[in-house]
Each structure stands twice: as C-alpha cells, then as structure tokens.
Amino acid sequence: MNRELDLIVFGATSFVGKIICRYLATEYIEPNFSWAMAARSQEKLERLRATLGSGAQHIPIIVAESFDKAALAALCDRAAVVLSTVGPYALYGEALIEACVTSGTDYCDLTGESQWMKRMISRHSEQAKLSGARVVHACGFDSLPSDLGVKLLQQHAQTRYGEPCSTVKMRVKAMKGGASGGTIASGVNAFKEAASDPKVREEMKNWYSLCPAGHGNSAAQRHVYMEYDEDFKSWVGPFIMANVNTRVVLRTNALLNEQYGRQFYYGEGSLTGAGDAGRKRAKRIALGTKLFGAVLMFAPLRWLALKFFLPKPGEGPSADEQRAGFFDLRFCGQTDSGKEVRVKVTGDRDPGYGSTSKMIAQAAISLRRDVDKTQLEGGFWTPGSAFGESLFQRLETSAGLTFEVENISAD
C-alpha cells in the first residue's frame with residue numbers, strides 16, 4: 001500500500017497515547033518508518049510533540065475528532081495503519097473502524113470490550129474483506145500475552161507430539177501495575193451496557209461470542225473463582241481480564257480452523273499460594289471480584305464508585321510506577337494423550353501501560369512491515385491469528401517481553 005505515512009497514532013494525547021508516542025520517538029526508532037500523531041486538540045498535540053525532544057519536531061500532527069467522519073476518512077487515506085487508543089471504544093471507536101474498512105487501512109487497538117468487538121465484527125467484517133483492511137483488536141495486555149502465549153504453547157505441542165493441547169490454563173504468577181481511569185471507564189461502560197440491555201447480558205454469558213458462526217469448538221468453558229490447582233500446586237482465584245482474554249483465544253482457535261482442537265478448553269486465574277494462606281487469599285479475590293461486579297451493575301453504586309473511589313480518565317500510574325511494574329504469566333497445556341507443555345510469558349513494565357504501549361506499537365509496526373497482504377487478507381483478526389514469528393521477535397528484542405517454553409514432559 002502506497003500511503004504517505006506508515007502509521008498514525010490516533011488518541012496520541014490520551015494517557016496511553018502519550019506513552020506510545022514517547023516510545024516511538026525516543027525508545028524505539030523503526031528504520032525508514034514514517035508516523036504521525038492525531039488527536040482532537042492542536043494545542044495538546046503541539047505540547048506533546050514539544051516534550052518528545054528536538055528529534056521529534058518532524059513528526060506530523062493531525063487534528064481529528066472521533067465523530068468527524070470526513071476528518072477520519074482523510075486521516076485514513078494518509079496512512080497504511082492506524083493505531084487507536086481512544087476509549088471507551090464502545091462510545092468513541094466505531095467511526096474510525098468504519099473509515100478504516102472503507103479505505104482499506106489496517107487498524108489495531110487496545111480494546112478489552114468484547115461486546116463492542118462483537119458489534120464491529122458483525123457490522124463491518126464484510127466491508128473489511130472487500131477493501132483489504134486488516135483489523136486487529138486487543139493488542140495490549142488485553143489480550144496479546146494470553147493469545148500469543150497459547151499460540152507458542154500449541155506450536156510446541158504440535159512440533160513435539162504431533163497433537164495440540166486440548167486443555168490450556170493460564171495462571172498469573174505475579175503482576176504489579178497501577179490502574180488507569182481510561183481502563184476503568186471502558187469496564188464501567190461495559191457494565192452499563194449489560195445493565196440496560198438483556199442481549200448484552202446474554203452475550204457476556206457466551207464464551208464463544210466472538211467466534212464466527214459455524215465454528216467447531218464445543219468444549220464447556222467455565223469461570224475460575226476459587227479452587228486448588230494440582231498442576232501449579234497452588235490455590236487459584238479469578239483474574240479480572242479472563243473474560244475477554246478467553247474469548248479472544250477461542251476466536252483465534254476458530255480463525256485458525258480449530259488448530260487447537262474442536263474440544264479445546266482455556267481458562268485463566270491468579271495464583272495465590274499453597275496452604276491456608278493461599279486459600280484465604282483466593283477467597284478474598286473471588287469475593288472482591290463479585291462485589292466489584294455487583295457495584296458496577298447498579299447505577300447509584302456505580303456513580304458513587306466513579307465519584308469517590310475509582311481513577312478518572314486521564315489518570316494512571318506515574319512513570320516510576322510504570323518502570324517498577326511487571327507481569328509473569330504461566331501456561332500449562334495437556335494433550336489428549338497426557339503430554340504436557342508449559343510456557344512462561346513475562347513483561348518488564350506495568351502491564352496496562354508501560355508494557356502495553358510497547359506491545360501495541362510493535363504490533364502496529366509488524367502489521368505494516370511483516371504481515372503481507374497476500375499472507376493475511378482483509379477482515380477482523382486476533383493477535384494470535386494475525387501475527388507470526390516476526391512479532392515474537394520484535395516483542396522480545398524491543399518491547400521487554402519474553403516467551404519461554406519452560407519444560408516439556410518426557411515422551
């Protein structure tokens with residue numbers, strides 16, 4: 001695609017947008033790669049560019065509103081890939097999706113809003129196929145580490161044993177990072193939709209909601225609340241991102257023609273330790289998760305939480321907190337014949353922002369540089385179905401992630 005710009009970061013002045021732009025301007029310079037910053041305020045864009053140093057003064061700035069269809073169409077006509085940080089995506093994201101699929105422009109974002117992803121796939125996938133636009137949702141901590149971790153595990157299972165793992169569990173061993181108001185706003189909006197729309201509530205009960213019609217997987221998926229996991233010798237509590245991550249992984253399996261199997265189970269949880277202390281911690285997490293969900297489902301309690309307790313949009317972890325953060329995810333897969341594969345995925349900064357900004361930047365670059373249109377046609381994809389070895393290498397070399405096969409059981 002012969003476009004003026006390789007990449008446009010839309011929502012550059014948002015909390016995570018600033019981090020992405022700083023990464024692209026000062027930490028990682030892709031050779032012979034042109035990119036621009038876009039947002040609704042010229043003044044804020046100029047102020048951001050000024051903070052990026054003298055070497056960033058050549059970076060173009062583009063003013064465009066989330067609902068200005070003419071401006072978005074003009075923006076998409078200039079770029080090969082658009083990276084969007086503007087959430088909640090269910091409120092602000094559809095016009096940009098529409099502009100991208102109309103112009104044949106590739107797109108990636110950070111959404112963890114499965115109900116919105118479902119709507120976008122339903123409304124715009126046919127146009128994306130016609131125009132050649134590749135849309136890849138969930139390219140941040142929601143849900144790239146989970147999706148690529150499972151992909152790596154399954155690749156090794158097939159190479160070593162000639163069969164996939166029919167059961168894969170991801171467990172959060174350790175994680176440190178602060179919450180952002182933007183992330184909270186996206187989650188709150190999803191609960192608001194569910195509270196007011198029975199169809200959304202039904203959809204959120206369906207683990208296969210993102211899978212295309214006619215997919216072949218029929219394994220019974222389930223929530224992890226509080227249980228003892230023999231494979232990890234630890235109690236396990238719920239993981240707040242499991243709902244969206246599981247749906248993305250299941251969609252990847254469907255898009256890969258059920259390479260993981262037609263009876264493929266995937267589940268996520270948080271390790272809390274062995275013994276009574278681990279059990280009590282798992283119970284606290286389970287009860288806290290249920291209470292948090294109940295609060296967000298009821299408008300008066302939701303208002304109080306947003307007013308007095310939860311961070312506001314634009315707020316998030318400091319630069320020091322981002323650098324001090326990390327995550328450590330462990331995957332355990334078992335084949336039908338009883339063989340086992342374990343994979344470890346880590347990130348070197350706080351998962352939601354310091355690490356996410358690097359993940360999506362490299363995903364966008366890889367979509368432009370590594371994934372040829374003849375290899376991946378237009379449509380709505382997941383990280384695991386869109387990207388291959390090149391992105392693994394980029395993430396390990398330039399984004400602070402590691403992907404490691406821990407051990408494979410003896411034949």
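The side chain of Ser 41 reaches the backbone nitrogen of Lys 44 at 3.1 Å, a polar contact in the sense of a pair of N or O atoms within 3.5 Å, where within protein one atom must be able to donate a hydrogen and the other to accept it, and where residues adjacent in sequence count only if both atoms are side-chain atoms. Ser 41 sits in the loop between β2 (35–39) and α2 (42–51), with helices (H or I, at least four residues) and strands (E, at least two) being DSSP runs numbered from the N terminus. From Ser 41 to Arg 349 there are 308 residues in sequence and 29 Å in space, C-alpha to C-alpha.

The model is predicted, and local features need pLDDT of at least 70, side-chain atom pairs count only at pLDDT 80 or more, and totals for chains, interfaces and linings use all residues. Residues are numbered from 1 along each chain as its sequence is written, and side-chain values use heavy atoms, with hydrogens and water left out.

Gln 322 belongs to helix α13 (residues 319–324), and a polar atom of its side chain lies 2.9 Å from the backbone oxygen of Pro 317. Is Gln 322 buried or exposed? Gln 322 counts as buried because its relative accessibility is 11%, the classes being buried under 20% relative accessible area, exposed over 50%, and partly exposed in between (1.4 Å probe, protein chains only).

Glu 340, in strand β12 (residues 340–347), is likewise buried, with a relative accessible area of 16%. The side chain of Glu 340 makes a polar contact of 2.9 Å with the side chain of Arg 342, whereas Ala 38 is 302 residues from Glu 340 in sequence and 46 Å away in space, C-alpha to C-alpha.

Two helices can be set side by side, the expected span of a helix being 1.5 Å times one less than its number of residues.

| Helix | Residues | Number of residues | First to last C-alpha | Expected span |
|---|---|---|---|---|
| α1 | 15–27 | 13 residues | 17 Å | 18 Å |
| α7 | 144–161 | 18 residues | 25 Å | 26 Å |

In α1, the buried residues are Val 16, Gly 17, Ile 19, Ile 20, Cys 21, Tyr 23, Leu 24 and Ala 25. Helix α7 is mostly covered, with 13 of its 18 residues buried, and α7 is followed by Gly 162, whose phi is positive, near 70°.

Lys 233 has a phi near 50° and is placed in the loop between β8 (227–229) and β9 (234–237); at 51% relative accessibility, Lys 233 counts as exposed. Asn 257, with a positive phi of about 60°, is found in the loop between α10 and β10 (265–273), and Asn 257 is exposed, with a relative accessible area of 65%.

How many cavities of 30 Å³ or more does the structure hold? The structure holds 1 such cavity, a cavity being a set of points, on a 1 Å grid over the protein atoms alone, where a 1.4 Å probe fits but cannot get out. About 50 Å³ of space lies in the largest cavity; grid points are joined across faces, edges and corners, and a volume is the space filled by probe spheres set on the points.

The lining of the largest cavity consists of Met 117, Ile 121, His 137, Leu 210, Val 248, Arg 251, Phe 380, Trp 381, Thr 382 and Pro 383, where lining residues have an atom within 4 Å of a point. The elements giving two or more residues to this lining are α6 (114–131), α10 (242–255) and β13 (379–381).

Key: On a 1 Å grid over the protein atoms alone, a cavity is a set of points where a 1.4 Å probe fits but cannot get out, and a pocket is an open set with protein on both sides within 12 Å along at least five of seven lines; lining residues have an atom within 4 Å of a point.
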